[in-house]
Amino acid sequence: MRTSPLPAADHTGSLLLEGYAWLPDRMRRAASPVVRARLLGRHTVALRGPDAVRFFYDERHVNRREAVPEPVRSTLFGHGAIHTLDGEAHRVRKAMFLSLLTPPAQVADLVEHVTDAWDEAADAWRGQPETVLFDEAAKVLTAGVCRWAGIPLERDRTEATAQDLVALVDGFATPGVRHWRARRARVRCEAWLADLVKKVGDGETEVPEGSAVATVADHREADGRPLDAQTAAVELLNIVRPTVAVSWFVAFAAHALHRWPENRAPLRAADAAYSAAFVHEVRRFYPFAPFTGGRAAADLYWKGEHIPAGGLVLLDLYGQNHDAELWGDPYRFRPERFLERPVERDELVPQGGDDPSTGHRCPGEAVTIALLEALAVRLSRLEYDVPVQDLTIPLRRIPTRPRSGFRITGVHPVA
């Protein structure tokens with residue numbers, strides 16, 4: 001058993017400068033199964049691989065309580081969110097999310113609301129001189145998920161609401177203007193939804209039975225108490241916000257169809273197996289979450305390396321999704337890899353690992369996949385021109401996306 005030397009210098013600045021490449025580059029250079037660093041002055045150990053996924057998500061090893069940095073709580077997740085819970089409190093809160101986001105009927109209903117919004121919007125795109133696909137996808141997803149969730153949203157508020165929900169994701173991992181925009185957006189969104197929850201509780205507003213609003217308002221914690229209005233608003237946002245984050249994957253899907261147009265024909269044919277493979281490859285190939293983290297619950301050992309109690313433990317998601325040992329040719333966009341062999345649960349980890357029903361894996365992952373399958377097929381059935389623009393995807397920016405948002409012109413459906 002040993003402890004590799006901890007670097008004296010803090011690496012927070014390097015992480016902010018290098019973005020997605022920071023941890024994979026260190027993993028490649030390491031002669032050890034772990035990489036050690038200092039982040040915000042804290043002893044940090046980074047791991048990668050399916051075995052590391054299982055080690056990381058074992059609550060005897062790593063806990064999430066208080067591990068989420070304040071800037072992330074105040075932008076992406078919210079204070080008191082499920083992401084900051086462990087043990088029974090996490091399992092009871094997780095059951096609420098699973099009841100909404102995993103039953104096939106619920107997923108199908110959400111997909112139907114979003115695709116109806118897409119079809120309506122696509123008709124309007126034909127009359128526009130130019131469409132920024134990322135922005136339009138965000139509006140479509142906002143309109144669809146709010147209708148499904150039972151959240152009243154006036155049509156003239158859709159664009160502003162979509163901008164706020166995008167801001168929550170766009171500003172969580174960066175200092176500066178994007179971060180403060182995200183904080184302001186969270187204040188507005190939480191106030192809006194807390195007011196809705198209060199009105200539902202007071203009988204002033206009716207929402208559909210079984211809707212997300214009704215389910216969150218009726219939820220009881222492990223101790224039997226209901227969520228207060230503020231925490232209920234936080235968790236409603238944690239249902240709505242990840243759905244709108246599918247905008248990133250829609251832009252990436254468009255980018256992939258532009259670079260590798262041979263994928264259009266099988267998608268247009270709505271070949272279910274190929275559509276699923278295409279979506280998995282988009283989620284694997286393109287950068288979304290760089291890593292996830294928690295704190296060591298005790299003094300631990302991973303492959304002979306010591307991890308001190310209270311130390312920060314990172315799981316390298318982006319690096320694992322581009323690990324040649326797992327994928328062979330990780331920097332080729334090749335959906336067929338998902339048709340050639342079954343991929344294990346803890347190999348593909350764009351939204352974390354573990355069992356979504358019992359662990360910390362995103363409970364909305366099934367929704368992300370279903371939405372992206374439906375929207376990728378619809379995207380393949382549109383004809384459009386891609387004007388000259390900056391389609392680079394900067395790895396220094398977290399979360400990243402095509403710089404231009406993917407602009408299209410001359411939209412019309414396939415004949």
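Gly319 is found in helix H15 (residues 317-320); helices are DSSP runs of H or I with at least four residues, strands are runs of E with at least two, and both are numbered from the N terminus. The model is predicted, so local features need pLDDT of at least 70 and side-chain atom pairs count only at pLDDT 80 or more, while totals for chains, interfaces and linings use all residues. Residues are numbered from 1 along each chain as its sequence is written, and side-chain values use heavy atoms, with hydrogens and water left out.

- Gly319 counts as buried because its relative accessibility is 3%; buried means under 20% relative accessible area, exposed over 50%, and partly exposed in between, with a 1.4 Å probe and protein chains only.
- Gly319 touches Pro24 and Arg48, not counting residues up to four places away in sequence; a contact means heavy atoms within 4.5 Å.
- Ala21 is 298 residues from Gly319 in sequence, yet their C-alpha atoms are 8.2 Å apart in space.
- Glu347 sits in the loop between helix H17 (337-340) and helix H18 (365-380).
- Glu347 also counts as buried, because its relative accessibility is 11%.
- Leaving aside neighbours within four places in sequence, the contacts of Glu347 are Pro50, Gln320, Asn321, Leu326, Trp327 and Arg341.

**Sheets**

- Strand S2 (residues 42-47) and strand S8 (residues 312-316) run parallel and are joined by four bridges.
- Ala46 stands opposite Leu314 in S8.
- Another open sheet has three strands in the order S4-S10-S9, with antiparallel pairing.
- In that sheet, strand S4 (131-132) and strand S9 (382-385) are the edge strands, each pairing on one side only.
- Two bridges link S4 to strand S10 (residues 407-413) in the antiparallel sense, and Val132 stands opposite Arg407 in S10.

**Aromatic rings**

- The structure holds 15 aromatic pairs; rings of Phe, Tyr and Trp (its six-membered ring) pair if their centres lie within 6.5 Å, and planes under 30 degrees apart count as stacked, over 60 as edge-to-face and the rest as tilted.
- Phe56 and Tyr57 form an edge-to-face pair, 4.9 Å centre to centre with 80 degrees between the planes, and both residues are buried.
- Arg401 lies over the face of Phe134, 4.0 Å from the ring centre; a charge sits over a ring if NZ of Lys or CZ of Arg is within 6 Å of the ring centre and within 35 degrees of the ring normal.

**Nonpolar cores**

- The largest nonpolar core has 100 residues; such a core is a set of buried Ala, Val, Leu, Ile, Met, Phe, Trp, Tyr and Cys residues joined through side-chain atoms within 4.5 Å.
- Helix H7 (residues 133-149) gives the largest share of this core, eleven residues.
- Apart from this core lies another, of 17 residues, including Val53 and Leu300.

Note on methods:
Pairing = 2+ DSSP bridges.
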